[in-house]
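Hello,

Here is the structure I promised to hand over. Please open it first, then read the notes below it.

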Amino acid sequence: MKKIGEWILSFFCNKDYYNDIRGDLEELHTRRIKETSRIYADFKYLIAVVMLFRLSLIKPFKFHFFLNSSMINQYLKASARNFSRHKANALINIFGLSVAVAAAILLYGYVRFELSYDKGYDNKERIYRVNNHSNFRGRVRTGITGSGLLAPTLEGELPEVELAGRRHHFSRPVIQFKEKKFKQSLAYYADPNLTKILEYSYLMGDSESALDAPNSVVLTKTTALKIFENESDAIGKQLLVNQVAMQVTGVIEDIPANNHFTPSMLVSMSTMSDISWDRVGTITYVLLKNGIATTHIADKMSEMVERLELGDPDNGFSIWFDLYPITEIHLSKDKNQHGKGNINMLYALSMVAVFILLIACINYMNLATARSSLRAKEIGVRKVAGAIRKQISFQFLFESLFISTLSVAFGTVIALAFQNGFVQLTGVPATINFFDKEIFILLIGLAVAVGIISGSYPSVILSSFKPVLILKGTYPTMGSQSLRRVLVAFQFTISIILIVSTFIVYQQIDFLLNKDLGFNKEAVYTVALGDPDTNGVLKQKYLQHPNIKGVTSTNLMPATGDSGATFTIQSEEGETFQDNVSMATVDNDYFSLMDLELVQGEFLDTSSTGLNFIIVNETLVNKYGWEEPIGKFISIPSGDEEGSMERFVIQGVVKDFNMLSLYQDVQPFAFFKKPKFNWGRQYLFLKLDGRNLLETITYIQEQFELFDQKSIFTGSFLDAHLESVYRKELKTARIFLVFAVLTITIACLGLFGLATFSLERRIKEISIRKVLGANIGNIVKLATTEFVIIILISGLIAAPVVFYLMEKWLDGFSYHIDVTLMTLISGVLVALTIAMLTVSIQTIRTARTNPARTLKYE
Amino acid sequence: MTDYKLGHFEEIVLLTVCVLHENAYGVSIKDEIESRIKKAVSVGALQSALRRMEKKGFLESKEGEETNARGGRRKRYFTITNHGKKALEEAKDLRMDLWESIPQVVFDQVS
């Protein structure tokens with residue numbers, strides 16, 4: 001390590017000072033070794049060297065004499081002439097680089113946007129969200145929601161907390177203003193502290209008092225403009241929100257899209273009447289005072305829990321809290337934080353950006369070195385006329401910088417043009433402001449980096465030519481042929497990795513969508529009820545329609561990841577145990593309509609005693625190894641009064657089905673009939689016979705609106721809903737697809753250039769072979785064998801990488817395909833085919849030229 | 001008028017060079033300052049200050065004996081010049097002048 005430091009120092013340090021600075025460092029180093037360890041001393045040495053990088057101590061810049069303007073003019077002219085003489089070559093370089101730069105810019109914008117989540121608050125370092133943990137007799141729950149009393153308590157009890165604010169989900173509001181009636185998503189109860197902590201700015205209304213009184217509403221600008229002509233009209237107006245009159249007391253600026261919490265409207269917290277320690281669902285945010293450590297606060301909160309006796313240790317119930325920084329929520333790997341971002345995806349996309357750029361740079365390198373003999377005479381003449389090696393290498397570096405600057409300019413234009421498309425592709429509103437200073441500096445940096453990376457190797461090679469040899473007419477082989485092959489192999493390795501990954505992502509999604517879920521999802525239409533009381537009458541009405549074959553009601557929407565509720569269950573069969581069981585409430589028609597397969601026992605019947613019967617799935621039975629599940633009891637807390645349990649008899653067992661999500665294994669599941677457990681949203685599932693679809697659905701909607709004037713009709717087919725659950729994966733797949741296509745295109749562009757050039761040079765050889773009787777097939781084989789071998793080797797290198805990466809991705813799903821050799825091979829074949837097409841087209845064209853034309857000048 | 005401008009750090013370095021009298025070279029100056037201000041001083045900051053002041057003419061330097069501890073390199077000893085002395089005096093005078101102009105009442109108020 002010290003050696004590196006010495007080398008760096010000798011590189012930049014001013015000669016006059018070098019010796020005694022070096023002496024000083026040496027002395028300190030020997031002393032540190034005695035006092036501490038060698039590693040530490042070495043480390044300090046390196047740090048000191050880096051810190052020595054100061055204007056007053058570094059070597060004076062020596063601008064070499066070759067840097068004068070007329071020469072640069074001359075280089076520009078030479079470059080321009082070279083481009084116009086070999087247009088195709090220049091076009092390949094510029095086009096490839098531009099596309100790569102555009103891709104990199106867009107990906108940069110995406111990654112930057114994802115990283116910018118919740119970084120816009122002035123006090124971002126001091127804002128935290130509270131995690132609620134509880135342990136009830138061994139059942140540990142961690143979540144962001146908790147009691148609505150937590151925020152005021154924290155603010156009152158802990159002097160370290162400057163502000164504590166809260167929000168609570170406002171369930172499915174339907175807003176009515178005069179004739180306008182619409183559903184509004186993302187509505188929340190909130191208190192004034194929340195708007196202060198999250199630094200919302202009020203356009204209208206008073207930020208202090210707007211959310212004080214019950215039934216006050218604050219709208220965002222967009223929401224306000226949905227109802228009113230302009231936002232100033234909104235203040236003081238009465239809205240009907242779910243039939244309750246509420247007054248608009250404020251309009252706030254729209255919440256930036258890169259906030260983890262983006263409400264569209266806020267209802268005053270005081271509207272909620274039943275805030276208590278028992279009612280959970282409220283999310284608490286705190287703003288700490290300056291310089292408070294979170295560990296300190298965690299201790300204080302534990303003390304507070306004890307002091308106020310919030311837990312109930314005698315009954316085996318304890319709670320505790322901790323804080324989670326707001327800036328880390330979005331990309332959090334902790335599932336409890338519900339971060340929507342995915343840090344691995346950001347790593348993957350950053351890598352893709354770098355690799356695409358590298359692939360385009362390699363194109364330039366390969367083409368420049370391969371074609372160097374075309375420039376040999378120019379170099380020879382320059383050298384004879386007195387150019388030194390530095391000048392020649394500068395000339396070629398200048399040329400690559402010229403190309404890279406052009407490409408960055410074009411790339412920016414391309415990025416601008418495709419920005420909207422990219423936003424649609426990723427679903428992230430990551431638009432780039434090209435007038436931003438940071439972006440500008442980045443683009444310049446990109447131009448320089450790309451120019452130097454792609455130009456340095458060619459410039460070293462080209463400037464090394466010996467003028468005597470060149471001018472005599474012997475062209476030395478320029479640059480190493482094997483290095484070129486290695487670079488091409490690298491390009492295709494990356495391309496194959498991306499192609500195969502794309503295949504696998506698509507296969508997995510296809511697998512998820514077509515997997516037998518254990519229930520019937522075809523031709524099932526779901527209607528979300530706004531008013532549970534309309535359940536019975538709607539069911540009757542729907543059954544009257546000739547095209548509706550069955551109707552059932554339930555509170556479980558498959559694959560929403562939420563099964564209604566989980567409960568602690570005790571068996572009264574000798575031993576007792578507790579477990580979480582997902583549950584749903586259904587009626588008698590459910591099982592036949594959903595085609596659930598009965599393994600043992602019978603389905604729920606219509607008798608009144610049937611209320612206390614349940615149907616469980618095989619997983620639950622297998623978990624406890626019950627030989628005779630029918631007639632076994634399960635008790636769950638009845639919720640009537642403290643500690644009372646209600647007993648249920650297992651009446652039937654159904655075959656496992658997958659209603660939650662394919663990310664997880666089948667969970668123990670129980671179906672209840674008892675209306676008491678019928679909480680959450682109610683759905684009617686309708687089995688249609690598939691005829692007169694449009695008319696049937698219109699009928700469904702009309703009847704719904706007839707009996708429920710308050711709510712707004714929401715209906716969808718079950719299979720369409722299931723597909724929408726995997727939207728995130730589909731998005732991933734599409735992004736991969738786009739960039740896989742881009743990489744292979746750019747890689748093939750380079751291949752095309754190389755092939756064209758080598759064919760040009762071998763045209764005479766090919767003609768002679770033709771004269772001697774070779775056919776087109778022989779010639780194509782001659783020209784392509786090399787590339788085939790390179791691509792096969794790339795496939796071999798890519799295989800383990802893809803295997804490792806994709807296995808990791810697939811591990812996120814309980815149900816997933818395996819990475820098969822077939823997929824790997826087909827990926828390689830795709831790359832091979834595309835590459836062969838590229839090369840063969842050019843080869844066949846060359847092979848078909850009349851040999852007489854090329855040979856007649858000999 | 002000649003430029004006697006001194007930065008805070010430069011002033012400390014210059015004073016330390018005087019304190020160390022005949023023994024002021026890189027490492028000894030660094031040690032002395034660190035022992036007084038109780039903060040780490042990087043070689044870079046110190047060297048750049050020394051060179052800057054040498055250029056301004058506040059300091060002059062000569063090479064000393066070779067030592068083994070320095071990998072056979074000579075120490076470079078710094079001594080203050082007349083010009084440097086003037087700069088220090090000017091800085092001190094300015095301060096004294098300011099101190100004496102402070103009305104007593106100001107400090108009474110803060111305490």
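**Contact between the chains**

The contact draws 18 residues from chain A and 16 residues from chain B. Keep in mind that this is a predicted model.

On the chain B side, the elements that give two or more residues are helix 2 (26–37), helix 3 (43–56) and strand 2 (74–80). Helix 3 of chain B has the largest share, six residues. By class, the side of chain B that touches chain A holds seven charged, six polar and three nonpolar residues.

**Nonpolar core**

The largest nonpolar core has 86 residues. Those with the most contacts inside it are A:A100, A:A103, A:A104, A:I356 and A:L751. Helix 21 of chain A gives the most, with 16 residues.

Take A:A104 as an example. Neighbours within four places in sequence aside, A:A104 touches A:A353, A:I356 and A:L357.

**Helix 24 and its partners**

Start with helix 23 (residues 776–810) and helix 24 (residues 821–847) of chain A. They pack at an angle of about 155°, with their axes 9 Å apart. Angles over 145 degrees count as roughly antiparallel. Helix 23 and helix 24 of chain A are therefore roughly antiparallel to each other. Their crossing is right-handed. Helix 23 of chain A contributes residues including A:I776, A:F787, A:G795 and A:V802 to the contact. From helix 24 of chain A come, among them, A:L824, A:M836, A:S840 and A:A847. The residues of this contact divide into 18 nonpolar, four polar and no charged.

Now helix 21 and helix 24 of chain A. Their axes come within 9 Å and cross at roughly 30°. Angles under 35 degrees count as roughly parallel. Helix 21 and helix 24 of chain A are therefore roughly parallel to each other. This crossing, too, is right-handed. On helix 21 of chain A, the residues that meet helix 24 include A:I744, A:C748, A:L751 and A:F752. On helix 24 of chain A, they include A:I834, A:T838, A:Q842 and A:T846.

Best regards

Technical notes
Residues numbered from 1 in each chain as written. Chains lettered and ligands numbered in written order. Predicted model: local features only at pLDDT ≥ 70, side-chain atom pairs only at ≥ 80, totals over all residues. Axes fitted to C-alpha atoms, helices over the stretch in contact; angles between N-to-C directions. Helix = DSSP H or I, 4+ residues; strand = E, 2+ residues; numbered from the N terminus. Parallel < 35°, antiparallel > 145°, perpendicular 65-115°, else oblique. Left-handed = near helix turned anticlockwise from the far one by under 90°. Contact = placed C-beta atoms within 7 Å. Nonpolar A, V, L, I, M, F, W, Y, C, P; charged D, E, K, R; others polar. Core = buried A, V, L, I, M, F, W, Y, C linked by C-beta atoms within 7 Å. Buried ≥ 20, exposed ≤ 12 C-beta atoms within 10 Å, placed from the backbone.
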